[in-house]
Each structure stands twice: as structure tokens, then as C-alpha cells.
Amino acid sequence: MKKISILLLLLAPQIFFAQVDRSIKPKAGPAPKINIKDSEVFTLSNGLTVILSENNKIPRVSYSLTVGSDPRPEGSKAGLGDITGQLIMSGTNKRDKDQLDKEIDYIGASLSASSSAIFMSSLTKHMEKGLDLMQDVLLNANFPKSEFDRIVKQSEAGLKSIRSSADGMAQNASAKINFEAGHPNSEVMTEETLANITLEDVKGLYKKNFSPKGSYLVITGDINRADAEKMANKYFGNWTGDAAFKLGNLKGKPVSGNQVYFTKKPSAVQSVISVNFPINAKPGDQDQIALTVLNNIMGGGAFGSRLMQNLREDKAYTYGCRSSLDFDELGSIFSASGSFRNEVSDSAITQIIYEIKRITEGYVTDEELNLTKSSMAGSFARSLESPSTVARFALNTKKYNLPADYYQTYLKKLEAVTKEDILLMAQKYFTPKNMNIIVVGNENIIEKLKPFDKDGKIELLDPFGNEAKEIKKADITADKLIENYVLATTASTSMKAAAKKLKKIKSVSKEVELSAAQIPFPLKMTEVWMAPNMEANKLEGQGMVFQKSYFDGKTGGSSSMQGGKKELTAEETAAKAKSSGLLPEMNYNLTGMKYEISGIETIDGKEYYILKTNDGEAEAMTYFEKGTWMKVKIISTSEEEGQSVTSEVTYDDYKDVNGIKMAHKTSITAGPMSLNGVVKEIKVNEKVDLSTFK
């Protein structure tokens, strides 16, 4: 009997699988109803709505306060909300910033704020201490002048970095293009609007924005209804304020025919492309779930999405092309975007438009639909593991007037989405012939973009999404521009006299003190030049050398704390040799540098000649001020590991040093980092040991 039992056990799998037809896909079971405990909602006498989502799994509780006011139009002070949000945690009438940070850390709590919200999370046993800190920030934020100045300086650095960020420029353009002037979503901070913002503006916005009327306090975690009411009344019950500010029914700006917008990123080797348009849908609309499925099939999901399969896997135009569907109360936007090589920029636009059009003309496949819905269902189920998700659901249900069981029945609604629904959504909301096509990149590709515009015209934008003035044709040659620069810099009347003066200078050593909003201590940069074409550079601070480099005219190398030591390649050495000399432009006609004058650009009311160069490794645009002929900035772009990398160096405050005008102020911007430098010392014709830079 025992042997027979063992034999049956061994044969059982074979018997079972023999009875199953593996070619037939099993039918999915019905989508389950999610068991989400209903949140408890009550309102304080001052108008504050409290939403409680009790969860006793861990001894922790969080309080999330969201103001009821809509974003206020900022106009000439665009960026005021951002500055205000960054300053809220800078101290109160009772505690300065350091004391506030120490007390938060002491109880292991989290406390953060923006211009429209304050969030606090702590262990249950430290809840009242955390609430005391949260209440202090809410009622007593004092916005110290020193912190205001620091945040403004930090923002100035951020604005500089925007000019070298193709993604940032594309986002600015999208905001300006998809919303009417005066709409809060269209406002972009610039150097001018930042300069208009005062500390009193910040205090005034905070006072107007933070009011209990129309606001929501979401309490999540280890706390019951009785204690939640007690805490809410104790710490928020005496809070007063004006009625919530409401804008009314706003939406995006309609698009009439495909329109192309271009922002120049000098010498870029890649184009950032964003094809976008407003959609007339808002959070909580009955179409939201089906629209989200549509977007994920298009490009918002995994690598299997249509845009990724077409532009990355099939065409190899890019590392990634994705889509997004941003649901916003004040206007929602669909966007398909990515970074593409210059030579395929027009082809990439063609394929993006093709995919948008294709999804409006036929059904998606069963496989696409099922995989997307399965992925969304899995993400939804995993999100329920976080107590904050349940709290967010409760807030959305109240804020957007959703059905009480909206999230409990989410999976059923998701499962019910059909191919017919997806086609209907695409035809209802997608507009293949009414799209904004935004490109940020090299001006050499502009002609290729004209066929995509309904009128064959390209609208030029500046880095902040405003209309840009076209570059005027230069009235002098590149060689004449260089001559004017050399004569102005050396205070000479002829190139022969300038050369004679420069020949007397055998070495220049410069020490620059650099500061950055993101770095709490000053940096020291040492720059050295030695005749005829040797140079070195070192960056250090706090007793550490962060990076250094050298070039002796024939060989060179660099080292850094992160990347170690490396020697220049043959190509890099050749490129370095093309920029030799104390005034390297003077030797361009001898070193093999490719150079040309690309025109005259007007910036902040001043005209600048632009000299375009290419040393074989990087392209650069050097700006010279018309009239003074002094060099004011260099924007250089190179390709590293398949990515376009842009940096900007500016020069200011020229002073005479041994008969040569040398800049005594500089700034260096690379990516999000911006450094401001002041020259502390310049030594001429003193002995320099180049080995210290190796």
C-alpha cells in the first residue's frame, strides 16, 4: 500500500498536467474589491477639514496639512511661491533654524513645508512634541532676512543653470505655451522676476495662503478618533485666516494646428524634444482611469510601451522616449518627450507624431492592454502597503468629490477598461494635428523642423519660454572680432604692439575664491599659465584637493576624488593644443581651431558678438560685448558617455594687471551646480612648479 501511495505521488504531476490544454490561456478571475477602511472626516469650528486614517500596525503618526487656496498668479514676481516655500522652515519667533532642526532631530521626527503644505511625522510617543513644532512653524514663521538673502542667492544660481539645462528649458517652454499669460501654470521665474521679490512679499503670501478655511488636515497612523479630535483642536483649533482663494474653472490653451517652438542650446549634440498639448480632463474625471491606461500603453509604462519600442528598440534614436499625463485641477497636459541625436531630431518627431496618430486610428492589442492593466493593478496593490496612500485616497475623495467607493472599486474599474475604451479616449483627447512641438538644441537643425509647423515658421524662445530675438548677422569677420578683443584687452593700437606686450609675460598664476549656495564652505581655485602653452588648474577646500589638471604642451592629465587619475587621450591633447596662449583666440589661425562668427545676439538690452569654435572635442560659443570688445562668457558643449554636457563660464570686473585687462569676477555653471568666484590674487612672471598639479 505504501509503495502504491508513493507511486501515485510521483505520477500525480504528470496526470494533472496531461489534463490541461496549455495552448488555452486561463480566464482571469474577477477583480477583487479592495478592503480600504473608510476614513473618518470631521470639521473644526474654524473651517479646517480633518481626515483621519487610523492604522495601528506601527507606533507612528503623521499630520499633513494642505491649504485650500489655489495658486495665486504672481506676474512680475513669478517664483514668489517657490521662494516662500523654501523659507518657511527657516525659523520662528520662538526658535531659530538651528534650534528647530535640533528639536526635530532629537525626537526622530520629520517636518517639512512648501508654500501650500506642512507635513509632520513622528513616533506616537513624540506626537505632541512634533505637533508643537508644526504649530510653531504654522503660526510663527518669521522669515529672517539672512535666510531670505541666502535663498535668493541660491535661486540666482539655479537660474544660471537653467541656461545649460535642455530639460529645464523645455519645461519652461511647455509652461508658457500650454497656458495663457496670467495662468499660474504659465509663470516661470527669471532673473528679473526674482529681483522683484521682497521679504515683505514672502510674508504677505504666507499669511494669505495659510488659512484653515477650505484647508485639509490628514492624520494617518497610530491614533484613534477621540485623540485625533483632541490633537486637532488643541494645535489647530485657534488658527484663523481668510477664506480660501479660488481661481474658477481654468484649463490649458487650445492648440490650432501643429506649431513648432525652438530654444537654442549652443553647440548641443542632442535635442530635447517634447510633443505636448492640453487635454480637457481633471483629477477625478470618469475618464481618468482609461486615460491613464492609454498613456501607459503609449509611453508612460515600462520598456514595452509604444514610444520606447519604436524610438529606442527599433530605431535606436534615443536611450528613452516616454509619455506623461499630468492631471491638474487648473489644466491637464499630455506630453511625449526624450533626448535625441541632432541628425535624427526630425525623424524622431515624425515617429512620435506617428505613434500619437496610430493610437487614434485602431485598437491596441490584447497583449498591450492586459500587460498594462496588470502592471497598474500591481502598482496599486503595492501602494496600499503605505499608510500615506490611504490618507491620500481619503484626501482626493473629499477634495475632488469622488464617489465614496472610488478606490475600493478601483481594480474593478481598471479591469473593465476595454480596447474600445482606449480607442474612444484617444479619439476624444488626442489631437495629432493640433500639437505643440518643443525642441531645445543646436540651431543647425532649425531648417529640418519647419515642415512640422502648420505655417512652416519656427517660433524662437529664450531659456525661460519667452519670445527670443533672432540673432542678427554680424557686420565684421571673425578675425576682426578677435583683433578688436586682443587690442582692447592689451590696450594696444596694433596687433604687433599687442604681441610685443604679451611676449613679456612668461607666467600668470591666479587664485580665485569660489562659493556656491549648495556648499557650506568656500573653495579655492588656482589657475596657472606658462609660456608658450602650458596650463594647470586645481580646486580645493577644507584641506582637500577635489580635482586638478595639467597640460605641458605635449601631454597632460587630470585627477579627482571621484574618478581617480587619467591621462589625456591623443584627441584631447590635440584639442588642448588648439587653445594655447594667454589669449588663445589670438592663435586660432595657427593652431587649427575651427572658428567662425555666428552673429550678434541681444541680451538684456546689450549686443554681443558670438564666436563659434570647435576644437574636435567640444563646441563653444564665446560672447564679446559690442563696443568694449571684452569677453563676457563661454558656453561649451561636449559629449560624454552618449550624453550632451554643457557648461558656462562668465567673466566680469576687468582690471589692469601688468598692462593686460584680466577678469576679477567669474562664475562657473555646470548642470545644477553654479559657483561664483572672486579673484584674490594674480601673480605675473613668478616661478611656478607645474608638478604640483600632476
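Me: Where in the chain is the place of Pro532?
Reply: Pro532 sits in the loop between strand E14 (519-530) and strand E15 (534-541). Helices (H or I, at least four residues) and strands (E, at least two) are DSSP runs, numbered from the N terminus. The peptide bond that leads from Ala531 to Pro532 is cis, with omega near 0 degrees.

Me: What kind of model is this?
Reply: It is a predicted model, in which local features need pLDDT of at least 70, side-chain atom pairs count only at pLDDT 80 or more, and totals for chains, interfaces and linings use all residues. Residues are numbered from 1 along each chain as its sequence is written, and side-chain values use heavy atoms, with hydrogens and water left out.

Me: What is the mean pLDDT of the protein?
Reply: The mean is 90, and 94% of the residues reach 70 or more; pLDDT is the predictor's confidence in each residue, from 0 to 100. Over residues 1-26 pLDDT stays under 50. For that stretch the model has two contacts beyond four places in sequence, a contact being heavy atoms within 4.5 Å. Where pLDDT is low, the predicted coordinates should not be read in detail.

Me: Why does Pro184 count as buried?
Reply: Buried means under 20% relative accessible area, exposed over 50%, and partly exposed in between (1.4 Å probe, protein chains only). Pro184 has 11% relative accessibility, so it counts as buried. The residue belongs to the loop between helix H6 (166-178) and helix H7 (191-196). Beyond four places in sequence, Pro184 is in contact with Pro71, Pro73, Leu247, Leu250 and Leu330. Leu250 is 66 residues away along the chain, with 9.8 Å between the two C-alpha atoms.

Me: What makes Ser211 buried?
Reply: Its relative accessible area is 3%, so Ser211 is buried. The loop that holds Ser211 runs between helix H8 (199-209) and strand E6 (216-221). With neighbours within four places in sequence left aside, Ser211 is in contact with Trp239, Gly241 and Asp242.

Me: Why does Asp653 count as partly exposed?
Reply: The relative accessibility of Asp653 is 28%, so this residue counts as partly exposed. Asp653 lies in strand E23 (residues 643-657). Its phi is positive, about 55 degrees, although Asp653 is not a glycine.

Me: What is the phi of Phe143?
Reply: Phi of Phe143 is near 50 degrees, a positive value in a residue other than glycine. Phe143 is in the loop between H4 and helix H5 (145-162). At 3% relative accessibility, Phe143 counts as buried.

Me: Why is strand E2 largely enclosed by the rest of the structure?
Reply: Five of the six residues of E2 (residues 49-54) are buried, so the strand is largely enclosed by the rest of the structure.

Me: How do you know in which sense strand E1 and E2 pair?
Reply: Two strands pair if DSSP finds at least two bridges between them. Strand E1 (residues 40-43) and E2 have four bridges, in the antiparallel sense, and Val41 stands opposite Ile51 in E2. E1 and E2 form a hairpin with five residues between them, and Gly47 in its turn has a positive phi of about 100 degrees. E2 is also joined to E6, by six bridges, and these two run parallel. In that pairing Thr49 stands opposite Tyr216, and Leu52 opposite Ile219.

Me: Why is one side of E1 and of strand E4 left without a neighbour in the sheet?
Reply: The open sheet has six strands in the order E1-E2-E6-E3-E5-E4, with mixed pairing. E1 and strand E4 (110-114) stand at the edges with a single partner strand each, so one side of each has no neighbour in the sheet. Helix H14 (residues 387-399) lies across E1, E2, strand E3 (60-66) and E6, at about 150 degrees to E6. Axes are lines fitted to C-alpha atoms, for helices over the stretch in contact, with angles from 0 to 180 degrees between N-to-C directions.

Me: Which residues have the most contacts inside the largest nonpolar core?
Reply: They are Tyr63 and Phe236, in a core of 59 residues. Helix H4 (residues 127-140) gives the most to this core, with six residues. A nonpolar core is a set of buried Ala, Val, Leu, Ile, Met, Phe, Trp, Tyr and Cys residues joined through side-chain atoms within 4.5 Å.
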